[in-house]
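Subject: Structure handover

Hello,

Here is the structure I promised. Please open it alongside this email. My notes follow below.

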Amino acid sequence: MTDEHITGAQFQNTEGCSVMHDISRIKARTRTPRLKGYLNIVTGLAFGLTLLLLLVGQAQASEESSGTSLKKEVDGYKVELVFTEGKAQTGDNKLKIELHDAQDQPVDKAKVTVTAEMNITAAKGTESSAKKNTHGASTQSPERVKAVELKAGHETGEYVGQVKFHDAGKWNIKVTFVVQKQPKSATFEADVMKADASKWYVLWGFLGVNLAVIITAAATRKKAR
Amino acid sequence: MKDQSVAVSTAASGNLLKNKFIGWVFTSGWYPGFFQWLTVLVFLLIMYLLLLGPTSAHDNWGTALTWVLWWPLIPIIFVLAGRFWCNVCPFGKLNDVVQKLVGHNRPVPLFLKKYGIWIIDAVFIMITWGDHVFGMVESPWNSGVLMLMIATAVVATGVFWERRSWCRHLCFLGGLSSNYSQTGMLALRGTSEKCAECKVPYCYKGWEKVPGCPVFEYPRTMNSNAQCNFCGHCVKSCPNDSLTLKVRLPTSELWFVHKPQFAAAFLAAVIMGIVFLQNFTMLEAWKPMLSWLENAFNTDSFMVTFTVVFLITLPIPLALLAFTSFVAQKFNGDSLVKNFTRFGYAIIPLDVAGHIAHNLFHLLAEGKAVFLTGLAFFGKEVPDVSNALVDGATIQILQYALIALGVAGSLFTVYRISKSNYTGGKTWATVIPYAVLLILFGIVNIALFSLPMMMRL
């Protein structure tokens, strides 16, 4: 039973029901056309902005879920490093290593470990990563990620695990794998972004739109009434 | 009218509002505000966790609370307590708050009243697609962004349109709950003798101390619980103590739908397609199938391959319902559309059963994640144990039992709908084709639940 169903007919047999006339509807009908038009524009703008944010959000979501990959070749072995949740960023990062031999066959049952070390020469302005003395030389060892042993993934030749980067900047990620008792390694340079930077734009965007809608509604409420 | 009286008599128990405790709760000034603010607090915590917590769904307490606990429980709540969730939903409270502060309280536009249910259907389908393509559930951030989008839409509608226009005309979960709660065990109604004498429509319009019905229902003539969220405003406002809250047989409301809507029947068939799709994409066989599709379409885009599967799977139950209605019209003489609309409602019990059975897997196979990720949030050491609450075989038996119940409920609903609309041989001649369809849906569900599935976290 919606309000449009509550018609006069239903109330004709009930005395004193003239009060049933929907006051808000009467008010709406008696609003000046100009004000109504203005309100419609505001409503349209609010929805437009919402739609825009939806698109931004979706684009962001799409970017987040696409993953980024880096490739290297060592002694005929093709090594691919994939950050499965998007670009590498500070905090926990899921990664996947794909190993293929010279015949492009997936390499099964390999022991794969990952270590990471911050690239001090490239880490400009990341004070916490390497304190410098007055001459600009590093006085501390760079940030390191302890060796992480990866587990076999869903597909053959796939190995998955998680590493945690504490700081943004350039990191050298060393992938070591042992095939037929022969250790081999490939080093990748990854640009680790500061987490949340882009997130905050989205969050502030949502807050801004909501505040704009609320402020607009507040400013026009008195007139509308 | 005879059927109506039967429907009323199926409300087997007495008026729950006469129970001292329940009556006190419904008339208390703290109800429903206390529960609403409670869910708002939990919602804020979840939003914080989703947007700023661990990036991996596996470690995020917000993901576990939302997709492993809340989402599986929600269809069960609809069966047990109708749309009570909508009453305490944090988005509904957000609507109420902004409306109170700056609301224009304009009437809901006619197009929303007329076509809102189609918007709900479309959004529901889009969100299901988006969940797979953009990974809503698997990514805490994406889940959080989805919530923010909903919150923004709620604010935008709440500030301009009166009452809970969003909940009634636009919320995709509201559309789902409107269908599901018709199988619900609780019914709130006015007492016809008292309402006939009533000269004040406070229950609908409210008065200075108590607001009117937030979802535009008029208890005096209300004959469905598709919209009522048990907020209790009408109970507080009624000067004649007319309202009753009774327990009824699950699905009984579906036996006598007075004005069946085509869009609601359409949604019922769509939900069946979504249940199939969700189960299908969780099968271990899904990945090889995806690889095959990638080769067949010469693309590595998941969006393309999934969209193909989506476009094939979703219309299947719709097409089958339309075909069955085409067969049934030969026997009962009503049009295809009329048959589709009337008997589409009979799918709802099986929808609910399929939905609960699907999510039961997440709840019982991954339920411990709610506690373990919670422990991690509070800095406690997390033991390396399985997330499962019970073993897979037990879950499967429960899923089969639920589907059997759903099929039984749907079959009985078909019979009752047919009986209340046709006489003599037409009754059974109409029941048989729909019974075949429902049993087919049941078999597909059982087949899907019998195959090994992947976890959500």
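First, the ground rules. This is a predicted model, in which local features need pLDDT of at least 70, side-chain atom pairs count only at pLDDT 80 or more, and totals for chains, interfaces and linings use all residues. Residues are numbered from 1 along each chain as its sequence is written, chains are lettered from A and ligands numbered from 1 in the order in which they are written, and side-chain values use heavy atoms, with hydrogens and water left out. Helices (H or I, at least four residues) and strands (E, at least two) are DSSP runs, numbered from the N terminus.

Chain B, helix 15

Helix 15 covers residues 286–296 of chain B. B:W286, B:L290 and B:L293 are buried there (under 20% relative accessible area; exposed is over 50%, partly exposed in between, with a 1.4 Å probe and protein chains only). Why do they sit on the same side of helix 15 of chain B? Because they cover an arc of only 60 degrees around the axis. That arc is taken from the directions from the helix axis to the C-beta atoms. B:P288, B:W292 and B:N295 lie on the other side of helix 15 of chain B and are exposed. The cover over the buried residues includes helix 14 (262–282) and helix 16 (302–313) of chain B.

Chain B, helix packing

Helix 14 of chain B also packs on helix 17 (residues 315–332) of chain B: the axes come within 7 Å and cross at roughly 135 degrees. Axes are lines fitted to C-alpha atoms, for helices over the stretch in contact, and angles run from 0 to 180 degrees between N-to-C directions. Helix 14 of chain B is therefore oblique to helix 17 of chain B. The angle classes are roughly parallel under 35 degrees, roughly antiparallel over 145, roughly perpendicular from 65 to 115, and oblique for the rest. The crossing of helix 14 of chain B over helix 17 of chain B is right-handed (the near helix is turned clockwise from the far one by less than a right angle). Residues in contact (heavy atoms within 4.5 Å) include B:F266, B:A269 and B:F276 of helix 14 of chain B and B:L318 and B:L321 of helix 17 of chain B.

A second pair is helix 19 (residues 348–366) and helix 22 (residues 425–449) of chain B. Their axes are 11 Å apart, at an angle of about 0 degrees. Helix 19 of chain B and helix 22 of chain B are therefore roughly parallel to each other. B:L350, B:G354, B:A357 and B:H358 in helix 19 of chain B meet residues of helix 22 of chain B, including B:L438, B:F441 and B:G442.

Chain B, strands

Strand 1 (residues 186–189) of chain B runs antiparallel to strand 2 (residues 244–247) of chain B, joined by four bridges. B:L188 has B:L245 as its bridge partner. B:L186 and B:L188 point one way, B:A187 and B:R189 the other, and all are buried.

Chain A

Chain A has four helices and nine strands. The order along the sequence is α-α-α-β-β-β-β-β-β-β-β-β-α. Of its 225 residues, 38% count as buried.

An open sheet in chain A has four strands in the order 5-4-8-9, with antiparallel pairing. Two strands pair if DSSP finds at least two bridges between them. Strand 5 (144–149) and strand 9 (182–192) of chain A are at the edges with a single partner strand each, so one side of each has no neighbour in the sheet. The twist averages 15 degrees from one strand to the next. Within the sheet, strand 4 (residues 111–118) and strand 8 (residues 169–179) of chain A pair over eight bridges. A:T115 stands opposite A:K174. A:A116, found in strand 4 of chain A, is buried at a relative accessible area of 4%.

Strand 7 (residues 158–165) of chain A has two antiparallel pairings to look at. With strand 3 (residues 91–100) of chain A there are eight bridges, and A:N93 stands opposite A:V163. With strand 6 (residues 151–152) of chain A there are two bridges, and A:A152 stands opposite A:Y159. Strands 6 and 7 of chain A form a hairpin with five residues between them. A:G157 in the turn has a positive phi of about 85 degrees.

Best wishes
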